[in-house]
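Please keep the sequence and the model open while reading, and take the points in order.

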Amino acid sequence: MGIAAIIGAGIFSTIGNASAAGGPAVSLLFIFTAIACVFSAMCYAQFASTIPISGSAYTYAYASFGELVAWIIGWDLLMEYAIGNIAVAISWSDYFTGLLVGMGLDVPLYLTMDFLSASRGHDVVTELLNQGKPLSEASALQVAGYEAWNTAPSIGGLKLVADLPALLITFFVTVLVYIGIKESKTTGNILVLIKLVVVLLVIAVGSFYIQPSNWSPFAPNGISGVLKGVSAVFFSYIGFDAISTTAEECKNPQRDLPKAMLYTLLICTVLYVLITLVLTGMVNYTELAVGDPLAFVFDRVNLNFMAGIISVSAIVALTSVLLVFQLGQPRIWMSMSRDGLLPKAFSKIHPRFNTPSFSTVVTGLVVAIPALFMNLTEVTDLTSIGTLFAFVLVCGGVLLLDKTEKVPGRFKVPYINGKYIVPALLMGITLYIFLNNREMITHFFTINQVEGNFWDVLEHKILAILFIVVSIWISWLTFSKNLSLIPVLGLLTNLYLMTELGITNWSRFLAWLLLGLVIYFSYSYRNSKLGKLQHRTNR
């Protein structure tokens with residue numbers, strides 16, 4: 001189930017954008033991100049075995065932090081699931097239209113591309129042409145955007161550019177989810193088998209077309225270029241936490257959940273690293289900023305039959321991922337509604353189909369409409385920051401849970417006293433940077449007006465400053481309170497990955513949370529079952 005959730009939009013789509021930004025060195029970023037996920041996976045496993053009911057991070061936050069934080073994480077998960085599904089729908093559209101083109105069916109570009117990509121591609125290519133530069137300096141996506149923009153009809157000066165296949169697949173899956181679907185274990189295993197066979201086929205066949213010269217330089221854009229792929233790389237791992245929602249079905253959650261999560265991360269990391277090396281070895285990394293990188297590289301080496309196989313399997317794989325998460329999101333709405341945090345309509349069950357009907361329709365609209373106009377980069381950034389935030393809270397929740405839960409027999413994150421290890425690690429990393437990269441430290445503490453105005457220069461350093469402050473604070477707490485090492489490392493690594501997503505994504509994320517708080521204090525706080533119970537108790 002973990003592999004079924006993870007092997008989806010990440011490996012079939014966003015891996016291309018990550019490789020285009022950082023080159024072959026992105027393969028190392030997959031390993032670092034996997035380590036961060038391992039810390040979080042162990043914390044999820046402890047919660048899942050301690051509180052073996054559905055709800056995932058929302059339920060865990062309710063148990064450890066209380067209702068307000070539970071609302072925040074629930075609201076965050078709604079964004080994560082919805083925008084994650086938008087990314088899956090967009091990626092599905094890329095592969096589907098690629099398959100149609102391969103079959104000789106021409107589909108107008110303006111009906112297969114989002115508005116943002118077309119507009120930006122048009123601006124970039126137009127500027128190149130005005131400067132007398134060749135189209136070869138633009139990426140394939142930018143050229144396609146330019147063509148889509150120029151051929152699209154317009155109404156009142158507004159170009160009608162929209163990703164129609166993304167809308168149609170979302171509508172189709174929403175109808176299926178509304179009617180009610182029960183995926184059997186056999187069907188799930190078959191889908192996983194198809195995915196793994198295709199991925200292994202890509203690695204095996206692609207290895208014969210690797211040109212080692214494409215791996216040099218290994219990190220063409222340096223560490224900063226590699227870290228630009230954080231969002232895309234982390235997005236590739238989103239889904240392993242879905243295993244925790246099956247705690248009620250596990251015969252032995254204390255044993256099965258930790259093993260499932262760790263095996264999933266290990267298998268997928270090995271596959272991701274190999275796929276990245278194959279892709280960047282077959283073509284130059286600069287060409288990989290496309291929505292269907294696996295099919296694209298085989299088109300480039302004239303193996304059209306492989307591109308066709310990959311497109312068909314990607315459509316199957318992405319449909320299953322969309323289905324799984326489109327099933328999951330309405331049940332989060334339903335769970336929050338049952339706690340009184342959302343109106344009762346969200347927990348309404350269809351009398352015939354026995355599904356959360358209203359929540360399912362809302363989920364379909366929330367995913368389908370943005371999928372028409374948003375592009376993959378925008379949505380993966382927001383999905384990643386939302387998921388990382390959930391991981392941070394789960395790791396922090398384990399630190400609180402350790403003080404109150406002393407139940408024997410349940411899985412617990414192995415306790416390793418971080419008293420001296422965490423401060424030593426932070427000092428070691430600081431010393432390493434000071435000795436090996438003094439230019440970075442000098443640049444960090446310098447406001448160079450040549451780079452832009454004061455705010456443009458400062459805003460990129462704000463998140464780093466906040467991370468340093470929080471790290472020092474967490475280090476002090478670990479030293480003074482003998483905190484457990486693994487949850488602390490999970491909290492810090494996930495928080496660091498969040499800081500690499502940029503101030504723009506943080507501002508959007510905080511705006512979403514602010515909207516959630518407005519809803520909470522204007523409706524949820526007064527209508528929650530817990531709040532009503534406390535009110536009656538006080539009376």
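1. In this predicted model, helix H5, which covers residues 67-102, and helix H21, which covers residues 502-527, have axes that come within 10 Å and cross at roughly 130 degrees. Two packed helices are described by the angle between their axes and the distance between the axes. Angles over 145 degrees count as roughly antiparallel and those from 65 to 115 as roughly perpendicular, and H5 and H21 are therefore oblique to each other. The crossing in which H5 passes H21 is right-handed.

2. Which residues of H5 and H21 meet? On the H5 side they are Glu-67, Leu-68, Trp-71, Ile-72, Trp-75, Asp-76 and Met-79, while H21 brings Phe-509, Trp-512, Leu-513, Leu-515, Gly-516, Leu-517, Ile-519, Tyr-520, Phe-521 and Ser-524.

3. Leu-393 is a residue of helix H16, which runs over residues 376-404. Is Leu-393 buried or exposed? Its relative accessible area is 16%, and since buried means under 20%, Leu-393 is buried. When residues up to four places away in sequence are not counted, Leu-393 touches Phe-65, Val-69 and Ile-73. Val-69 and Leu-393 are 324 residues apart along the chain, yet their C-alpha atoms are separated by 8.9 Å.

4. For the protein as a whole, the secondary structure consists of 22 helices and two strands. Of the 539 residues in the protein, 51% are buried. The accessible surface comes to about 24600 Å², and carbon and sulfur atoms hold 68% of that surface.

5. Helix H13, made of residues 293-300, is mostly covered, with six of its eight residues buried. The buried residues in H13 are Pro-293, Leu-294, Ala-295, Phe-296, Val-297 and Phe-298. Just after H13 comes Asn-302, which is placed in the loop between H13 and helix H14 (304-338). With a relative accessible area of 64%, Asn-302 is exposed, whereas Phe-298 in H13 is buried.

6. Some points of backbone geometry deserve a careful look. Most residues other than glycine have a negative phi, and most peptide bonds are trans. Asn-302, although it is not a glycine, has a positive phi of about 65 degrees. Asn-482 is not a glycine either, and its phi is positive at about 55 degrees. The latter residue, Asn-482, is found in the loop between helix H19 (454-481) and helix H20 (485-499), and with a relative accessible area of 31% Asn-482 is partly exposed.

7. Where is the peptide bond that is cis? The bond in question runs from Ser-216 to Pro-217, and its omega is near 0 degrees. Pro-217 lies in the loop between helix H9 (185-206) and helix H10 (222-227).

Conventions:
Residues numbered from 1 in each chain as written. Predicted model: local features only at pLDDT ≥ 70, side-chain atom pairs only at ≥ 80, totals over all residues. Heavy atoms only, no water. Axes fitted to C-alpha atoms, helices over the stretch in contact; angles between N-to-C directions. Helix = DSSP H or I, 4+ residues; strand = E, 2+ residues; numbered from the N terminus. Parallel < 35°, antiparallel > 145°, perpendicular 65-115°, else oblique. Left-handed = near helix turned anticlockwise from the far one by under 90°. Contact = heavy atoms within 4.5 Å. Buried < 20%, exposed > 50% of the residue type's maximum accessible area, 1.4 Å probe, protein only. Areas by Shrake-Rupley, 256 points an atom, 1.4 Å probe, with all protein chains shown as cover.
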